[in-house]
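Please work through the exercises below with the sequence and the model open side by side.

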Amino acid sequence: FAGMTLFLRSAADPAQLAPAVRREVAAFDPAIAVSQVQTLAERLAVATSRTRWLTWLLAAFAGLSLLLAASGVHALLSQLVAASRREIGIRLAVGASPREVVRGVIRRGGGLALGGLALGGALALGLGRFLEALLFEVAPADPAIFILSLVVLLAAALLAAWLPARRAARVEPLVALRAE
């Protein structure tokens, strides 16, 4: 006899119920050993621990990739701002407000981000069926998750564009014109 699983439902505290269950089983047959007395919540936690750990690990990697993507957008826009420093200086010298300069840099970064999101979104839709085995109660093209992911990535890209934009708006026109 390999073993048996017994489930009990009770309003009593499970820790106080275990000795009574052991006594009743021993009264029935002293050769039967009662082991692994657990609540259903504990049993469920053990059964889902690997899945929860893998989900946490996947979320950590997703967060890291979001951070890497945002830093890449920031680096790209910093380079674009540095390359167009003279142009920004001229714009500021002829009367453009710092707010317009910030808006222009963010618009440029937003355009790049939207292009990347369109390409990435199309690839994600196309390759989503290969990841279907890893998804639990989520369709590969679940609209809510898909839109939320795109919004988070766009927000990260715009936030990454904001720093170079702020720096560009603080450029002194005369210094920018002399730099090159």
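Two exercises follow, each with a worked solution.

The model is predicted, so local features need pLDDT of at least 70 and side-chain atom pairs count only at pLDDT 80 or more, while totals for chains, interfaces and linings use all residues. Residues are numbered from 1 along each chain as its sequence is written, and side-chain values use heavy atoms, with hydrogens and water left out.

**Exercise 1.** Determine whether L68 is buried or exposed, and do likewise for A70.

*Solution.* Begin with the location: L68 lies in helix α2, which covers residues 40–83, and A70 has its place in helix α2 as well. Helices here are DSSP runs of H or I with at least four residues, numbered from the N terminus. Next, apply the cut-offs, by which buried means under 20% relative accessible area, exposed over 50%, and partly exposed in between (1.4 Å probe, protein chains only). L68 counts as exposed because its relative accessibility is 55%, whereas A70 counts as buried because its value is 17%.

**Exercise 2.** Identify which residues A70 is in contact with, leaving aside its neighbours within four places in sequence.

*Solution.* Take contact to mean heavy atoms within 4.5 Å. With the neighbours within four places in sequence left aside, A70 is in contact with A156 and A160.

Key
Helices (H or I, at least four residues) and strands (E, at least two) are DSSP runs, numbered from the N terminus.
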